[in-house]
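Here is a short briefing on one protein model. Look over the sequence and the structure first.

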Amino acid sequence: MRIIFNLLAFAAVTLGFCGCESPSKLAGAIEGTWSGAPKTLSNQTDGIITGVDSYVFTKTAPTEGVVVVSTMLSLNEALPGDSSIIQPISLTAAAKATAQGSWVATDDDEISLTIDPTTIEISIDPQAVVLETSLLNGEDEDVASTLKPDVVERVKKQIARIVTVKYLDLKHFDDIKIKDGRMKYEVGKEHFIMSRQGAAAN
């Protein structure tokens, strides 16, 4: 009897944590805006790119809807010096990537996503792109200013390659658990935790 009671108690806790005993309940629970923690997207010897993801899930039917994904990115990179730039240049930049798609709750703890690659957009504020050298003199400062438009375009292409692969890999959220404004889930073998932004949808 005690064993049966313990099993029932465990089941109640598990269901209470997720609050999703069916695809339609999961769809209702996941609707809204969710934001994650900073995550490294690229870590090369000459630089690093980190991103913070946000998802806005909107229901258009009992078990499905549309999604807007956005990623706030920061890039820190070292550009080597050359004959015109004696000192190596340190590059700091901020960008935002967005994409749209659709989602379907296929189980009580799983959703499938389809991101439309034609909706991927990358925006970079040129004023937020900073080029510095350790010993910046007048000549290097002029060269850095001249290089800036080309650097902005290069950074945009670099980020576009990374986020396109990232977004198109978003096909399934598995083992979803939602409780107290937090959502735990897996993409492939990787674990994620996101926090709800604002009130839950009714």
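Predicted model: local features only at pLDDT ≥ 70, side-chain atom pairs only at ≥ 80, totals over all residues.

Residues are numbered from 1 along each chain as its sequence is written, and side-chain values use heavy atoms, with hydrogens and water left out.

**Overall fold**
- The protein has three helices and ten strands. These are DSSP runs: H or I of at least four residues for helices, E of at least two for strands, numbered from the N terminus.
- From the N terminus, the order is α-α-β-β-β-β-β-β-β-α-β-β-β.
- The protein has 202 residues, and 35% of them count as buried (under 20% relative accessible area, with a 1.4 Å probe and protein chains only).

**The largest pocket**
- The largest pocket holds about 180 Å³ of space. A pocket is an open set of points on a 1 Å grid over the protein atoms alone, where a 1.4 Å probe fits, with protein on both sides within 12 Å along at least five of seven lines. Its volume is the space filled by probe spheres set on the points, which are joined across faces, edges and corners.
- Lining residues have an atom within 4 Å of a point; among them are Lys39, Asp53, Tyr55, Lys166, Phe173 and Glu190.
- Strands β2 (39-44), β3 (47-61), β9 (182-187) and β10 (190-197) each give two or more residues to this lining.
- By class, the lining has seven nonpolar, five charged and no polar residues.

**Arg196**
- Arg196 sits in strand β10.
- Arg196 is buried but has no salt bridge (a side-chain nitrogen of Lys or Arg within 4 Å of a carboxyl oxygen of Asp or Glu).
- The nearest side chain of opposite charge to Arg196 is Glu31, 7.9 Å away.
- The backbone oxygen of Glu31, however, lies 2.9 Å from a polar atom of the Arg196 side chain.

How values were computed: Nonpolar A, V, L, I, M, F, W, Y, C, P; charged D, E, K, R; others polar. Buried < 20%, exposed > 50% of the residue type's maximum accessible area, 1.4 Å probe, protein only. Lys, Arg positive; Asp, Glu negative; His and termini not counted. Polar contact = N/O pair within 3.5 Å; in protein donor to acceptor, adjacent residues only side chain to side chain.
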